[in-house]
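Hi everyone, thanks for making time this morning. Let me put the structure up on the screen, and then I'll walk you through a few spots in it.

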Amino acid sequence: MTIREFGFDDAEFEARTAKMQAVMREKKLDAVFLTTEPNIRYYTGYYTQFWESPTRPWFLIIPTEGKPIAVIPGIGASGMAATWIDDIRTWSSPAPEDDGISLVAGVLNALPTKYGRVGATLGLQSYLRMPTTDYLNLSTRLQGKEFVDIALEMHRLRSVKSPAEIAKIRKACVITNNAFDRIPLHARVGQTERDICRQMRIDMLEDGAEFVKYLISGSGPDGYDSIIMGPTSRNIERGDVLIIDVGCVYDGYFSDFDRNFAFGECSVETKKAYECVYEATSAGFAAAHPGATTTDIYNAMWAVMEAGGALGNEVGRLGHGLGSQLTEWPSNTATDNTPLVPGMVITLEPGMTYAKGKDMVHEEDIVITEDGAEWLTRRASEQITIIT
């Protein structure tokens with residue numbers, strides 16, 4: 001099968017829409033109403049940086065048969081026309097008095113009413129990208145229909161990636177791996193976290209990354225206590241440990257994994273903590289296969305860390321789904337229990353507090369296959385990398 005380097009064939013979107021329409025029949029829905037960039041892009045291929053502007057709302061309606069219907073601001077009409085979508089309704093936006101609501105209501109009310117239910121992402125790990133007052137207004141304009149939550153159904157559909165999607169995530173991982181490999185070549189004591197991360201960003205962009213939307217770091221004497229706040233202007237000193245966690249984007253799809261580095265020297269305690277979380281990723285990988293669950297992965301990784309002296313885990317989960325968003329459903333937790341199926345791309349992210357004020361987190365990306373799992377990342381070294 002030939003896979004396009006950029007974008008997708010129309011058949012990809014046809015298959016996605018058909019799967020959603022099968023869910024609609026099962027859940028007794030007359031239509032599905034979407035408002036967010038990841039969901040609209042998933043069914044249309046409409047890919048633009050203009051989503052960074054919060055001014056205008058965008059809508060997509062999936063009927064029980066046929067192609068989705070786009071209801072979008074006029075500024076996006078030519079871009080949407082370049083996708084496989086051919087029913088495009090527009091208005092001049094911004095128009096606070098009626099920003100597309102009458103158009104959306106007209107489309108929804110014109111569709112056949114069999115069940116009186118319109119699916120929308122209202123619940124788990126979701127939101128509506130439109131003013132709340134407009135959503136409430138739209139709700140009152142529906143004739144014989146009401147909105148119902150389909151967030152979980154949407155997550156389930158998007159969690160299983162096609163070969164074309166997996167190829168893009170794999171490429172993002174290669175770019176990120178290459179940049180991590182260069183860290184010991186340019187990172188030195190005396191530099192700041194910002195210095196080191198800036199060069200890594202440059203390396204990824206030069207290697208083909210579309211964007212580097214997520215690049216954080218944390219550092220401290222022989223350890224770190226935060227994995228979400230940097231990069232900062234803190235100068236790296238001898239004996240410091242630095243974590244860098246990166247999500248680079250290739251054709252709309254993310255990588256998401258980290259690496260740890262020690263400068264000059266590293267205590268035995270920290271080395272053991274690193275080896276423990278490395279071993280935990282091995283255990284998580286072994287537990288990742290069709291028929292198992294995200295909780296099986298969690299339990300396998302946590303058992304290794306608990307045996308290794310973990311004092312706790314402040315992250316709250318040990319990995320998550322990955323795709324056109326940096327973090328997607330599901331989560332590897334003690335209670336998630338999502339069944340694993342071939343095509344799911346997830347991260348293995350064991351993290352533990354191993355001493356007061358010291359955390360150790362390690363992350364890799366994998367895809368579930370028919371008979372197990374496959375690494376999408378080139379694994380980190382078995383021992384922490386020491387930069388001299």
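Let's start at Asp225, which sits in the loop between β7 and β8 (240–250). Is Asp225 buried or exposed? Asp225 is exposed, at a relative accessible area of 57%. The cut-offs there are under 20% for buried, over 50% for exposed and partly exposed in between, using a 1.4 Å probe and protein chains only. Setting aside neighbours within four places in sequence, Asp225 touches Gly357 and Asp359, where a contact is heavy atoms within 4.5 Å. There is also Ala355, 130 residues away from Asp225 in sequence, yet with a C-alpha to C-alpha distance of 9.8 Å.

A word on the ground rules. This is a predicted model, so local features need pLDDT of at least 70 and side-chain atom pairs count only at pLDDT 80 or more, while totals for chains, interfaces and linings use all residues. Residues are numbered from 1 along each chain as its sequence is written, and side-chain values use heavy atoms, leaving out hydrogens and water.

Now, stepping back to the whole protein. There are 10 helices and 18 strands in its secondary structure. The radius of gyration is 23 Å, close to the 21 Å that the globule rule gives for 388 residues, so the protein is as compact as a globular protein of that length. For the record, that radius is taken over C-alpha atoms, and the rule is 2.2 Å times the number of residues to the power 0.38. Along the principal axes, the C-alpha atoms fill a box of roughly 70 × 45 × 40 Å. Of the 388 residues, 55% are buried. And among contacts between residues at least 6 apart in sequence, 70% join residues at least 24 apart.

The definitions use a 1 Å grid over the protein atoms alone: a cavity is a set of points where a 1.4 Å probe fits but cannot get out, a pocket is an open set with protein on both sides within 12 Å along at least five of seven lines, and lining residues have an atom within 4 Å of a point. Points are joined across faces, edges and corners, and a volume is the space filled by probe spheres set on the points.

The largest pocket holds about 420 Å³. It has 18 lining residues, and the closest to its centre are Glu37, Arg41, Trp51, Glu52 and Lys213. Which element gives the largest share of that lining? That is α2, with 3 residues. By class, the lining splits into 7 nonpolar, 5 polar and 6 charged. Here Ala, Val, Leu, Ile, Met, Phe, Trp, Tyr, Cys and Pro are nonpolar, Asp, Glu, Lys and Arg are charged, and the others, Gly among them, are polar.

The second largest pocket comes to about 330 Å³, and 21 residues line it, with Gly7, Phe8, Phe13, Gly45 and Tyr47 nearest its centre. Again α2 gives the largest share, here 4 residues. This lining has 9 nonpolar, 7 polar and 5 charged residues.

Arg16 lies in helix α1 and counts as buried, at 5% relative accessibility. Beyond its neighbours within four places in sequence, its contacts are Phe8, Arg41, Tyr42, Tyr43, Glu165 and Tyr253.

Last stop, the cysteines. How many disulfides does the search find? The count is 0, with a disulfide taken as a pair of cysteine sulfur atoms within 2.5 Å. For Cys248, the closest cysteine sulfur is in Cys173, 7.9 Å away, which is too far for a bond. Cys266 has its closest cysteine sulfur in Cys276, at 14 Å, again too far for a bond. Both are buried, Cys248 at 0% relative accessible area and Cys266 at 13%.

That's my tour, so over to you for questions.

Key: Helices (H or I, at least four residues) and strands (E, at least two) are DSSP runs, numbered from the N terminus.
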